[in-house]
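Reader: I have a model open and a few quick questions. Can you walk me through it?
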Amino acid sequence: MYDNKRNIKDTADDTKGEEVNQYVTFLVGDETYGVSVMKVQSLNEMIEITHVPKARAFIKGVINLRGSVIPVIDMRRKFSLPPKEYDSFTVILIVEVNERLVGMIVDAVSDVVNIPLSDIQSQINYSARVDTSSIEGIGRIGESLVVLLDVETFLAGDSLTEG
Amino acid sequence: MGEGGLTEVFLNECTEIIGNLESDLVTLEEKNDDQDIINRIFRYFHTLKGSSGIAGFTVIYEFTHNLESLFDKVRSGEILVNRDIIDILLDSIDYIKDELFSDSGSPESDTIRKDLTDRINVFLGTTDKKEEEPEDFLKAVGAYKSVGSNERYFKIAAVFKEDIFNNGIDPLMVIEDLSGLGKIISLTVDKKRIPDFEKLDPEKCYMSWDIVMKTRFDEMKLRDVFLFVYDDNEIDIENVTEKYNVSKETPYIAEKKLGEILVEKGIINNNELEDLVRMQNDKNFRLGDIIVQKGLASPKQVDEALSEQDKIKKKIEISTVRVDSTKLDNLMNLLGEIVIGQASLHRVADDIEEEKAFRLKNSLYSLDRVTREFQEQIMSIRMVPIGPTFEQFKRFVRDAAHNMGKEIKLHIEGADTELDKTVIEKIGDPLKHMIRNAIDHGIERSDERRKSGKPAHGTINLKAYHQEGNVYIDVIDDGKGFDLEKVKRKAVSLGMIQPEEEITREKLVTIVFSPGFSTAEQASDLSGRGVGMDVVKTNIEELRGSVEVKTKEGEGTLIRIKLPLTLAIIEGMLVRIGRSVLIIPLLSVIETIQVSRENYKTVEGKGEVILVRGDYISLIRLNELFGIEANFTNPWEALIVIVESDGERIGIMIDDLIGQQQIVIKSLDNFITTSRSISGASILGDGRVALIIDIHGMVEEIKNR
């Protein structure tokens, strides 16, 4: 799926020996994803979601987050995966996108990990059918790989306004 | 960083001043000898100049200096107010606005400025040029604040050294010198230092003087008088002009005691005051009485001082604090949280054992009362008078009317009617549109008006008032009214109605609010090309208001805007459909009924209707519109909420009524849904989110399906 050539940001090596980014990793379907810990506001357990008529397809509805009404996105719908019953592992990950909060319903949250920049591959040659604009890179944790999402582009702009 | 802040403050100040200037100048054109307005305008120019100097806008500074000089001549009566002057001044303001607020300094701005300066100089040049240097210089450096008149007041406290005579200086000479500079209003000699006769040294000066004088000169000039004694003696010169012009604007005055006022006026001096206060404390007398008794001041003087004290008090009462409006929003949000929290406590009370529940509920009810009052207070902070918004149209009407060759007066009523800040911010544009329409299409030319027996000048009335928990703004013109025949022809030609269609007057009038409608045969640069009234309508509906038009051919038009008092909290009716809770704004609700099977019908082309007191009204199945499941599918089993939108009644089918409560509106990001049926959301007592139904939007949405 991707080309394993190392193509690391120049800044990584010559400034500080080993720069590390922190990511919150979560599961959607079989895949592990990560979002920068800086973007994550909180993790919430599943609560009742209010359905909104005529909402965008991937918007599940709205929830009350400490007094604000914020939209939640069903990541399974967003990734065109078959729906799954919410269970005790289901979590709403609250991320901040362009100064507003958005909830992402994910199957489970795994961990907060430190990934050294050298283990993040930021330029990936995918096959054509994958939209890479919202992917920050692929991180390597030991043997497993994590798709690092750029929530700003993933949830903001076009992805939020298109149907 | 600091510089940025200063500029911002300056620009804010300018916006305010320019707005006031425009409105005042237009008023001045009508009442061209109103000294109050003239003085006010002069002060505005002066402040503008001073501030631009401080903020480093040298070009503006120099330019406004000219304006100030020009207006000074108006003030002194050398130049009479006429349209030319007002034109120059308004054009100049336009230039200043442009210079300050347009991002890209336009390349012509220099030419414009030169042009304006030339025009100003024509006025300045043709009149007698005898402006005095020192005064001009002073104004330029902004050395004194008050410019209510050229006269300044100074209070001079002179305490000379005892051995002053040894230096060959006689205080009397100094005072004589002073009197040559102006008029000495009061002179008090403090003789307290004079020792007993045995100890008196005739070669020593034991006296000190408190002098209040009126002069056209500045402080420097006064200091010059004391040139030789200034360093060694206690000479205190204070500009007290503002205290003497106290009825004008003196925002800096703090609360003052009667004694202090008298001292300031130079009627008594500090030492006397101290004695008096001591006496007052001993004998518990009123200070004023003691003063009069002691013959230190006449009763009249004391009375004057007392009335001055009152004025100062009043000023303090209306003193204001500028607060960042986001702080108010935060406060409002927090209050919203409290309201939500209370609602959830009420729910808890429902679940617990009766006796405790009773006590809890009682406490909650009193808490409710306090919160409601609290809310009203916060609301009142957010309330701003509509006056300034109205005022800004004076200039607009003047210019637009001149351009159209019409004579129009703008009459303002209810300027102190208060509206939510957000509403004020958003109401300006729609109002402008309506006024524009009235100028453009409504009011006829003078000759036309005379023929139909009306006064030559048209009048536009802007009127704001409160009624039944709403704010109304009326825009009334005494023009020719809507030509309904023309409206109809136009509507037919646009395919909005069928030629043979019988249509009521009311319906025809509302057609003007349809997108793309304009009857002006020739679109003027004023009222565009049919993108007017529909925008007005949408803007006002966004503020949860409505527009209504009444027109009488030949007599004029009234456009009435109805707005809610506040945007943040509404009374809502909670209803349940299936598992969903929805909120219907109580203002729209007329009644809740059950309908019998016989009174329910399906009408071809109109959908489902129910018979309510002899009228058939359409029925809306909210569950279908919102894609949710309802318990009841038969209207005769469900409850029907009758609501009203645009004078039309509609029945909404619901499963159950939950109750009525205060609803804190939370807006929904507009990317979430395209539905027009939802105006926002609110958080219920149990923490769930409920959507608020926008009745009007819902009706529109259904009609467009």
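Reader: Start with strand 4 of chain A, residues 59-65. How many of its residues are buried?
Author: Six of the seven, so the strand is mostly covered. Buried means 20 or more other C-beta atoms within 10 Å of the residue's own; exposed means 12 or fewer, partly exposed is in between, and C-beta atoms are placed from the backbone. Strands (E, at least two residues) and helices (H or I, at least four) are DSSP runs, numbered from the N terminus. This is a predicted model: local features need pLDDT of at least 70, side-chain atom pairs count only at pLDDT 80 or more, and totals for chains, interfaces and linings use all residues. Residues are numbered from 1 along each chain as its sequence is written, while chains are lettered from A and ligands numbered from 1 in the order in which they are written.

Reader: Which strand does strand 4 of chain A pair with?
Author: Strand 5 of chain A, residues 68-74. The pairing is antiparallel, over six bridges. Two strands pair if DSSP finds at least two bridges between them. A:Ile63 has A:Ile70 as its bridge partner.

Reader: Switching to chain B. How many helices and strands?
Author: Chain B has 23 helices and 22 strands. Of its 705 residues, 30% are buried.

Reader: How many residues of chain B are in contact with chain A?
Author: 24 residues of chain B, against 18 residues of chain A. Contact means C-beta atoms, placed from the backbone, within 7 Å.

Reader: Which elements of chain B supply that side?
Author: Helix 14 (325-351), helix 22 (622-626), strand 21 (678-683) and strand 22 (689-693) of chain B each give at least two residues. By class, that side of chain B has 13 nonpolar, seven polar and four charged residues. Nonpolar covers Ala, Val, Leu, Ile, Met, Phe, Trp, Tyr, Cys and Pro; charged covers Asp, Glu, Lys and Arg; the others, Gly among them, are polar.

Reader: Now helix 3 and helix 4 of chain B. At what angle do they cross?
Author: Roughly 160°, with the axes of helix 3 (residues 58-75) and helix 4 (residues 83-101) of chain B coming within 11 Å. Axes are lines fitted to C-alpha atoms, for helices over the stretch in contact, and angles run from 0 to 180 degrees between N-to-C directions. So helix 3 of chain B is roughly antiparallel to helix 4 of chain B. Angles over 145 degrees count as roughly antiparallel, under 35 as roughly parallel, 65 to 115 as roughly perpendicular and the rest as oblique.

Reader: What residues make that contact?
Author: From helix 3 of chain B, B:Val59, B:Ile60, B:Leu67 and B:Val74. Helix 4 of chain B brings B:Ile85, B:Leu89, B:Ser92, B:Ile96, B:Glu99 and B:Leu100.

Reader: Last one. Where is B:Lys214?
Author: In strand 3 of chain B, residues 208-215.

Reader: Why is B:Lys214 classed as partly exposed?
Author: Because B:Lys214 has 16 other C-beta atoms within 10 Å. Leaving out residues up to four places away in sequence, B:Lys214 touches B:Glu151, B:Tyr153, B:Gly182, B:Lys183 and B:Ile185. B:Ile184 is 30 residues away in sequence, yet 6.2 Å from B:Lys214 in space, C-alpha to C-alpha.

Key: Two residues are in contact if their C-beta atoms, placed from the backbone, lie within 7 Å.
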